[in-house]
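Reader: I am new to this structure. Can you walk me through how to read it?

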Amino acid sequence: DDINYEEKEIQLDMGDKILFYTDGITEARDYSGREFGLDSVIDIVKKHPEDILNVIEDKIINYSWGEQADDFAIVLWEVMG
């Protein structure tokens with residue numbers, strides 16, 4: 001009941017990508033309890049635009065030492081012609 005949603009429109013061009021992910025990605029924790037975080041996801045997107053999904057999965061597994069505390073899902077959508 002306390003959630004407010006907004007509707008927005010954006011223009012997407014050929015080759016643009018949209019990444020959808022669950023909080024299990026950003027909230028994955030290392031051995032000391034630090035979260036993976038949004039900045040880490042953004043860094044991967046910038047540094048690995050051609051292999052985003054595989055790199056995120058590998059980084060999460062290594063970051064959390066294979067101890068998955070929460071489920072995670074990732075969907076990458078790319079505008080194609």
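Reader: In what order do the elements of the protein chain run from the N terminus on?

Author: Follow the chain from its start. The order is β-α-α-α-β. That makes 3 helices and 2 strands. Keep in mind that this is a predicted model.

Reader: How does the radius of gyration of the protein chain stand against that of a compact globule of 81 residues?

Author: Set the two values side by side. A compact globule of 81 residues would come out near 12 Å, but this chain has 15 Å. The C-alpha trace spans about 40 × 40 × 20 Å along its principal axes.

Reader: What share of the residues count as buried?

Author: Buried means under 20% relative accessible area. By that cut-off, 19% of the 81 residues are buried. The accessible surface comes to about 6700 Å², and carbon and sulfur atoms hold 49% of it.

Reader: Which residues make up the largest nonpolar core?

Author: Look for buried nonpolar side chains that join up. Here the largest such core has 9 residues: Ile 25, Ala 28, Phe 36, Val 41, Ile 44, Ile 52, Val 55, Ile 56 and Ile 60. The largest share, 4 residues, comes from α3.

Reader: What does Ile 56 touch, leaving out residues up to four places away in sequence?

Author: Its partners are Leu 19, Ile 25, Val 41, Ile 44 and Ile 74.

Reader: Is Phe 36 buried or exposed?

Author: Check its relative accessible area. Phe 36 has 8%, so it is buried. It sits in the loop between α1 and α2. Beyond its neighbours within four places, Phe 36 contacts Ile 25, Thr 26, Ala 28, Val 41, Ile 44, Lys 59, Ile 60 and Tyr 63.

Reader: And Thr 26, buried or exposed?

Author: Thr 26 is at 14% relative accessibility, so it counts as buried. Its place is in helix α1 (residues 23–26). With residues up to four places away left out, Thr 26 touches Tyr 21, Glu 35, Phe 36, Gly 37, Leu 38 and Val 41.

Reader: Now the surface. Which residues form a nonpolar patch there?

Author: Phe 20, Val 75 and Trp 77 do, with about 320 Å² of accessible area together. Phe 20 belongs to strand β1 (residues 17–21). At 47% relative accessible area, Phe 20 is partly exposed.

Reader: Last one. Among contacts between residues at least 6 apart in sequence, what share join residues at least 24 apart?

Author: Count how far along the chain each contact reaches. In this chain the share is 66%.

Technical notes:
Residues numbered from 1 in each chain as written. Predicted model: local features only at pLDDT ≥ 70, side-chain atom pairs only at ≥ 80, totals over all residues. Heavy atoms only, no water. Core = buried A, V, L, I, M, F, W, Y, C linked by side-chain atoms within 4.5 Å. Buried < 20%, exposed > 50% of the residue type's maximum accessible area, 1.4 Å probe, protein only. Contact = heavy atoms within 4.5 Å. Patch = residues over 30% accessible without salt bridge, like charges linked within 9 Å, V, L, I, M, F, W, Y side chains within 5 Å. Areas by Shrake-Rupley, 256 points an atom, 1.4 Å probe, with all protein chains shown as cover. Salt bridge = Lys/Arg side-chain N within 4 Å of Asp/Glu carboxyl O. Rg over C-alpha atoms; globule rule 2.2 N^0.38 Å.
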